[in-house]
Amino acid sequence: MKTYQLLLLLFFTSLSCVHSQQTNIPKVYQTENEWKKSLTATEYYVLRQAGTERAFSGKYDKFYKKGTYHCKGCNSPLFQSEHKYDSGSGWPSFDTAIKGNVGYRTDKELGYTRTEIYCTTCNGHLGHVFNDGPKNTTGKRYCVNSVSLKFKEKKDSN
């Protein structure tokens with residue numbers, strides 16, 4: 001590993017410790033070229049460039065099977081299906097994230113402050129979290145791009 005790569009690795013490792021809780025999942029680091037090879041153009045745009053898919057276009061918006069939603073970039077588990085609900089926003093919405101696997105940072109790209117959510121394992125952009133979720137649970141709405149997710153169905157244990 002070259003010196004500048006090691007310095008970048010140490011820098012981003014220190015940043016991730018500030019924004020996330022400790023998990024047992026090893027961090028995933030790839031170069032931009034490696035990400036471009038492992039993701040589709042749309043996945044790269046959302047996960048690596050903080051893009052957003054069009055509302056109501058994602059495959060997980062009206063999807064309600066039982067299981068776990070994982071990061072499309074690194075396969076880290078992010079959300080459980082029992083926390084998913086129809087917010088009417090056009091994106092998959094959850095009221096709770098898997099603790100330690102979703103990080104938070106301030107986003108002022110649109111001229112106002114929002115809270116971006118990202119995968120703490122690979123630093124992939126997921127979407128944003130808002131305080132207009134179900135009042136009877138957490139009051140949170142994790143508004144997530146479908147393209148940043150991979151679903152793993154829960155198998156019946158009968």
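User: Which residues of helix H3 are buried in this predicted model, and what does the word "buried" rest on?

Analyst: Happy to start there. Helix H3 spans residues 41-49, and Glu43, Tyr44, Val46 and Leu47 are its buried residues. The word rests on a cut-off: a buried residue has under 20% relative accessible area. The model is a predicted one.

User: What covers the buried residues of H3?

Analyst: The cover includes helix H2 (32-38), E1 and strand E7 (125-130).

User: Why is Asn75 called partly exposed?

Analyst: Its relative accessible area is 30%. Buried would need under 20% and exposed over 50%, so a value in between is called partly exposed. Asn75 is therefore partly exposed.

User: Where does Asn75 sit, and what is its phi?

Analyst: Asn75 lies in the loop between strand E1 (67-71) and strand E2 (77-80). These two strands form a hairpin with 5 residues between them, and Asn75 in the turn has a positive phi of about 75°.

User: How do you know that E1 and E2 pair?

Analyst: The test asks for at least two bridges between the strands. E1 and E2 run antiparallel and are joined by 3 bridges, so by that test they count as a pair. Within this pairing, Thr68 stands opposite Gln80 in E2.

User: What makes the link between Asn75 and Lys150 a polar contact?

Analyst: The side chains of Asn75 and Lys150 are joined at 3.4 Å.

User: Which residues is Asn75 in contact with, leaving aside its neighbours within four places in sequence?

Analyst: They are His70, Lys150 and Lys152. As for Cys122, it is 47 residues from Asn75 in sequence, with 9.3 Å between the C-alpha atoms.

User: What makes E4 and E8 a pair?

Analyst: Strand E4 (residues 93-94) and strand E8 (residues 141-144) share 2 bridges in the antiparallel sense. At least two are needed, so the pairing holds. Phe94 stands opposite Tyr142 in E8.

User: Why are E3 and E5 called edge strands?

Analyst: The open sheet of 6 strands runs E3-E4-E8-E7-E6-E5, with antiparallel pairing. Strand E3 (84-85) and strand E5 (102-107) each pair on one side only, and they are the edge strands.

Conventions
Residues are numbered from 1 along each chain as its sequence is written. This is a predicted model: local features need pLDDT of at least 70, side-chain atom pairs count only at pLDDT 80 or more; totals for chains, interfaces and linings use all residues. Side-chain values use heavy atoms; hydrogens and water are left out. Helices (H or I, at least four residues) and strands (E, at least two) are DSSP runs, numbered from the N terminus. Buried means under 20% relative accessible area, exposed over 50%, partly exposed in between (1.4 Å probe, protein chains only). Contact means heavy atoms within 4.5 Å. A polar contact is a pair of N or O atoms within 3.5 Å; within protein, one must be able to donate a hydrogen and the other to accept it, and residues adjacent in sequence count only if both atoms are side-chain atoms.
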